[in-house]
Amino acid sequence: MPFAEPWYLDSRAEAYAILRLTGRADVHVSRTPGIPGVDLLVTAGGSRSRFRHCGVVLHSRLTEAEPPQIGAETVEREQRQFSEAVLPICMLAFPAEPPTDDPAGDFRWIVEPQVQGTRAFLALNPSREFHPLTDERLDQLVRELTEWYALRSREDQLLAAGVHDISASGDQPRQRRAG
Amino acid sequence: MDADSREMLALRGESWFQLNICEKGKSGRPLFRPTYLGDKWPTVDYLVEALGEGDRGAFFFVQVKSSENANGGAIPVTVSDETMLRLRAVPAPVYVIGIDDVTESGYILSANGHRGPLRSVPRTFPLDIDNRERLWREVVDFWHERTDLLPFTSVFQDPRTR
């Protein structure tokens, strides 16, 4: 008998997401991020890299037979809500009743960390498409965060040294074209 | 193990409990709804409602303790005498759930009747479908069948201290 009350779907999606993410030693997870609309805070690199944060918004559904889906209105809301985000934010989707005990989950960026030349900036993602959160994709996520924060840190050092033309548009997320 | 690893171990244990306590019962519906209380509640981690009791309500509290060093035996945990005193003072059923992070299994132990500090949780009462049903009955009976004249005696008591 299907049991699809929102608390059940959300509670189980949260638990599966935490178990999936904390399976890695180089990822720290906090369930009280203090950021409106964000459910978890992931820190890439473990305890010595406290500043490499990424917000996680959870998306739940009943079974893995249903593909993870969000509507156009969800993307519109994200684009308003996170237009001034100062850290990368992704969405993770987990079914409440997966066929295995350790579902991999699905992933999409909401606010994507991007690098162009020597500039690190954030881009709002208008795409509704999810990608399987394979081990390789999780590796890539940690790598992207590490590289983005490293470049961002270098930019901050240059700005502090008085070099001002490196990140004129890097402070707030830009609209990324769908595609 | 550093503080960061301990924190992640604890978070994994809480998530395991959160998943398993709301697994469906024999009726095909979850028996319990857990609510995480967060760091502002130092003594207990979850308030858990027994479902299916309508407006009558029935609930219990849980502290989750995880270990990756159980090696097949009782789950080693550290709950100080002071914390056990606070747990016993709660006027509701309170349980310590010991989680073996290696085998991903959890075990129930009543804190209400336990005397002294707690060093381990025995594997006597696994958090499985049968014990979830027994737990549901015990919590509902506590709130609706018990008279104040009788002390609360849980079936999930530590067999080593009986």
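The following dialogue examines how terms are applied to the predicted model shown above.

Guide: This is a predicted model, in which local features need pLDDT of at least 70, side-chain atom pairs count only at pLDDT 80 or more, and totals for chains, interfaces and linings use all residues. Residues are numbered from 1 along each chain as its sequence is written, chains are lettered from A and ligands numbered from 1 in the order in which they are written, and side-chain values use heavy atoms, with hydrogens and water left out.

Visitor: Why is the contact of B:Glu14 with A:Arg31 called a salt bridge?

Guide: A salt bridge is a side-chain nitrogen of Lys or Arg within 4 Å of a carboxyl oxygen of Asp or Glu. The closest N and O atoms of B:Glu14 and A:Arg31 are 3.2 Å apart, so the pair qualifies. B:Glu14 belongs to helix H1 (residues 3-21) of chain B and A:Arg31 to the loop between E1 and strand E2 (40-44) of chain A, so the pair joins two chains; helices (H or I, at least four residues) and strands (E, at least two) are DSSP runs, numbered from the N terminus.

Visitor: What makes B:Lys24 and A:Glu97 a salt bridge?

Guide: Their side chains meet at 2.8 Å, N to O.

Visitor: How is the area buried between chain A and chain B defined, and what is its value?

Guide: Buried area is the accessible area (1.4 Å probe) that two parts lose on being put together, summed over both. For chain A and chain B this is about 2,100 Å², with 58% of it on carbon and sulfur atoms. A:Trp7, A:Leu19 and A:Arg31 supply 32% of the area that chain A buries against chain B, more than any other three residues.

Visitor: How many residues does each chain bring to the contact?

Guide: Contact means heavy atoms within 4.5 Å. Chain A brings 23 residues and chain B 24 residues.

Visitor: What makes strands E3 and E5 of chain B partners?

Guide: Two strands pair if DSSP finds at least two bridges between them. Seven bridges join E3 (residues 59-67) to E5 (residues 94-100), which run parallel, so the two strands of chain B pair. The bridge partner of B:Lys65 in E5(B) is B:Gly98.

Visitor: Why are strands E1 and E6 of chain B said to stand at the edges?

Guide: The open sheet of chain B has five strands in the order E1-E2-E3-E5-E6, with mixed pairing. Strand E1 (32-36) and strand E6 (105-110) each have a single partner strand, so one side of each is left without a neighbour in the sheet.
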